[in-house]
Amino acid sequence: FPFPFPFPTHRPRPISPQVFETMGADELYDFVTLIVTFIGAPKYVKNPYLRATFTKLLRFLIPPTDDGDRRHVSDRLSVVLHTHPLAKRFLAPAVMQFFVDIEFTGSHTGAYDKYDYRHEMNQILEYFWQQEDYKQTMVGFARDTKSFVRFVNMLINDSIFSMDEALSKLLSIKKTQVEMQDEATWSRLPPRQRQQRIQTHHQEEGHARYFMQFCNEVLHMLNYLSAEKEVALVFMLPELVNRMATMLNFFLTQLVGPKCSSLKVQNADKFFFYPRKLLSEIAATFIHFSSFDEFALAVVRDDRSYDQNNLRKALRVLSPVMPPADLGVFESFANRCIEVKQQDQEDEAELGDVPEEFLDEITADIMEDPVRLPSGKIVDRPTICRHLLSDETDPFNRQRCTVEMLVPDDELRERIQAFRRERRAAARNGAADAAAAEAAAAAAAEPMITD
């Protein structure tokens, strides 16, 4: 998994996993105890790079993957993971927590280092999810909603960034491929310019390959996590559901939208770019969330990327490869989105002009759960909670702000609810009056019947 940027010189020396083969059972058991302790307890090891090295070592203790990755030492070493009670209880949650912690390393290369380490953690967590004992501890981690929400927030951030980086490079790669196919024009370029273009082209290939593989891994993780009903419920929290819906809509637009043909590069497999497989992962995640009303509403409220045509095209593309039952659920969800969109528009029309004091100061949408920030500003709780997942500051004065510092404005919430009830009642009464008037007019228009 070569990284397209120079590695920092302050990292620990390269690890030597072959040493595992020379360890006795007791010695290996003790080393796993050390791994669990150091990954899960940052107070003992404050250097994030040293903790990350333990995740790299852990990677060598899981069995080889089906894709030919032979970086593991041997299959027998994984036995320790199935017989170590401390690992079975604490290791998976510790890796998930470190997935979040590695976001901030304090290094100037940290923005890139985290992807290298999370790549290792993606492989580890996928294996753990397939082992029932470890899977249950991962589900248990999801029950700690504060920690799991931060974990999912990082997954969403990573998937959006990696997809955007990979696809932007694929666009540039295709442009260069087309230019190189025109041999006459390409040969007329000055040799130095051709050399520079080729060098840039190779760099972009490495960049696209790196981020596309990472994006595949993260989307797969979102897929298998959301397949568990109890975990899927956490994705529906107000601070996550809109982000999930927006992300999935955006990916659909990229893969089946009007400009998707511009991504058809030569040798797409070379860049780990498998559009139909990606689309299948996204559609499966849609299906896992399809029974939740709040998800359907979040999907249709995404004014930037939601397009019913994208859902329909995805259905056509996936029809040859997706099980009929799943296709049926996906199609039902697409149809339901039409109904939800129409109802949402009607509800919005019922409200009419909303008093400014009822509007979120960040999104300008009517609030559901207004809270007061340390700066004195009032915003909707889901809005500020999404912000605090990545930045624990008050967006209006940049002072420290946490969820615990938010003060509910119960009086304002009650007035907003009363406003909604009044407007809804007025709309119903107006509709009833209109129906009565229409019925009276129809009756008056009927000819009189006489003997």
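1. Arg-413 comes out as partly exposed, at 22% relative accessibility. In this predicted model, the Arg-413 side chain meets that of Asp-369 in a salt bridge, at 3.9 Å from N to O. Asp-369 sits in the loop between α16 and β1 and Arg-413 in helix α18, so the bridge ties together parts 44 residues apart in sequence. Asp-369 is partly exposed too, with a relative accessible area of 21%. One thing to keep in mind: the salt-bridge cut-off is 4 Å, so the 3.9 Å pair falls within it.

2. Helix α18 (residues 410-445) also holds Arg-415, and the loop between α16 (324-351) and β1 (370-372) holds Glu-357. Arg-415 and Glu-357 form a salt bridge, with the closest N and O atoms 2.9 Å apart. As for accessibility, Arg-415 is partly exposed at 32%, and Glu-357 is partly exposed at 44%.

3. Now for helix α10. Glu-205 pairs with Lys-270 in a salt bridge, closest N and O atoms 3.2 Å apart. The two are 65 residues apart, Lys-270 being in the loop between α12 (238-256) and α13 (275-289). Glu-205 is buried, at 8% relative accessible area, whereas Lys-270 is partly exposed at 40%.

4. Have a look at Glu-204, in helix α10 (residues 191-226). Glu-204 is buried but has no salt bridge; Lys-169, the nearest side chain of opposite charge, is 5.8 Å away. Apart from neighbours within four places in sequence, Glu-204 contacts Lys-169, Ser-172 and Ile-173.

5. Overall, the structure has 27 salt bridges. Shared partners join Lys-56, Arg-59, Asp-116 and Glu-120 into one salt-bridge network.

How values were computed. Residues are numbered from 1 along each chain as its sequence is written. This is a predicted model: local features need pLDDT of at least 70, side-chain atom pairs count only at pLDDT 80 or more; totals for chains, interfaces and linings use all residues. Side-chain values use heavy atoms; hydrogens and water are left out. Helices (H or I, at least four residues) and strands (E, at least two) are DSSP runs, numbered from the N terminus. Buried means under 20% relative accessible area, exposed over 50%, partly exposed in between (1.4 Å probe, protein chains only). Lys and Arg count as positive and Asp and Glu as negative; His and the chain ends are not counted. Contact means heavy atoms within 4.5 Å.
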